[in-house]
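Please read the points below with the coordinates open.

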Amino acid sequence: EPKPAGVITSTFVSYCVSDPQLQEIPPITRSYFILSVLTSVLLHFDVVTPFTLYLNMRLVVENLEIWRIFTNLLYFGDFSVNFFFHMYFLVRYSRNLEESIEF
């Protein structure tokens with residue numbers, strides 16, 4: 001029997017919070033990575049569709065679908081080799097950028 005998407009999502013988030021390797025990643029990069037993977041998980045289990053994520057300025061302005069401004073930056077496609085390369089480079093270069101900035 002397949003598990004509901006809510007159970008899978010909460011299990012994934014609790015793993016991400018407790019994983020020591022993820023804790024070493026700077027906070028903005030870690031958040032971007034987790035949200036990107038979570039978005040792909042939700043799409044994989046048909047909780048949301050890509051049509052609710054893409055940037056459509058007409059829908060943003062007329063229907064106030066503000067989430068479209070951000071969610072289009074989180075979707076990197078279905079789980080594949082291409083997706084894992086995107087995640088690797090996202091973490092690598094975002095981490096380098098975030099660690100090079102001094103506050």
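1. Conventions. This is a predicted model, in which local features need pLDDT of at least 70 and side-chain atom pairs count only at pLDDT 80 or more, while totals for chains, interfaces and linings use all residues. Residues are numbered from 1 along each chain as its sequence is written, and side-chain values use heavy atoms, with hydrogens and water left out.

2. Arg68, location. Arg68 belongs to helix 5, residues 68-71; helices are DSSP runs of H or I with at least four residues, numbered from the N terminus. Arg68 has a relative accessible area of 5% and is therefore buried. Here buried means under 20% relative accessible area, exposed means over 50%, and partly exposed lies in between, with a 1.4 Å probe and protein chains only.

3. Arg68, surroundings. Not counting residues up to four places away in sequence, Arg68 touches Phe51, Thr52, Leu53, Tyr54, Leu55, Asn56, Leu59 and Val60, contact being heavy atoms within 4.5 Å. A polar atom of the Arg68 side chain lies 3.0 Å from the backbone oxygen of Tyr54. Between the C-alpha atoms of Arg68 and Met57 the separation is 8.3 Å, with the two residues 11 apart along the chain.

4. Glu65 as partner of Arg68. Which residue forms a salt bridge with Arg68? Glu65 does, with the closest N and O atoms 2.5 Å apart; a salt bridge is a side-chain nitrogen of Lys or Arg within 4 Å of a carboxyl oxygen of Asp or Glu. The side chains of Glu65 and Arg68 are also joined by a polar contact of 2.5 Å. A polar contact is a pair of N or O atoms within 3.5 Å; within protein, one must be able to donate a hydrogen and the other to accept it, and residues adjacent in sequence count only if both atoms are side-chain atoms. Glu65 lies in the loop between helix 4 and helix 5. Its relative accessible area is 14%, so Glu65 is buried, and Arg68 is buried as well.

5. Arg58 and Glu62 are separated by about one helical turn because they are 4 residues apart in helix 4. Arg58 is partly exposed at 49% relative accessible area, whereas Glu62 is exposed at 54%. Another salt bridge brings together the side chains of Glu99 and Arg95 at 3.1 Å, N to O. Glu99 and Arg95 both sit in helix 6, 4 residues apart, about one turn of the helix. Glu99 is partly exposed at 48%, and Arg95 is partly exposed at 26%.

6. Nonpolar core. The largest nonpolar core has 10 residues: Leu22, Ile25, Phe33, Ile34, Val37, Val41, Phe83, Met87, Leu90 and Val91. Helix 3 (27-44) and helix 6 (81-100) each supply at least two residues of this core. A nonpolar core is a set of buried Ala, Val, Leu, Ile, Met, Phe, Trp, Tyr and Cys residues joined through side-chain atoms within 4.5 Å. Leaving out neighbours within four places in sequence, Val91 is in contact with Ile25, Thr29 and Phe33.

7. Nonpolar surface patch. Leu55, Met57, Val61, Leu64, Ile66, Ile69 and Phe70 make a nonpolar surface patch of about 700 Å². Patches are made of residues with over 30% relative accessible area and no salt bridge, like charges being joined within 9 Å and nonpolar side chains (Val, Leu, Ile, Met, Phe, Trp, Tyr) within 5 Å. Accessible areas come from the Shrake-Rupley method with a 1.4 Å probe; for residues, only the protein chains shown count as cover. Helix 4 (57-63) and helix 5 each supply at least two residues of the patch. Ile69, in helix 5, counts as partly exposed at 35% relative accessibility.

8. Positive phi. Leu64, also in the patch, is not a glycine but has a positive phi of about 55°. Leu64 is found in the loop between helix 4 and helix 5 and is exposed at 62% relative accessibility. Asp46 is likewise not a glycine and has a positive phi of about 60°. The loop between helix 3 and helix 4 holds Asp46, which is exposed with a relative accessible area of 66%.
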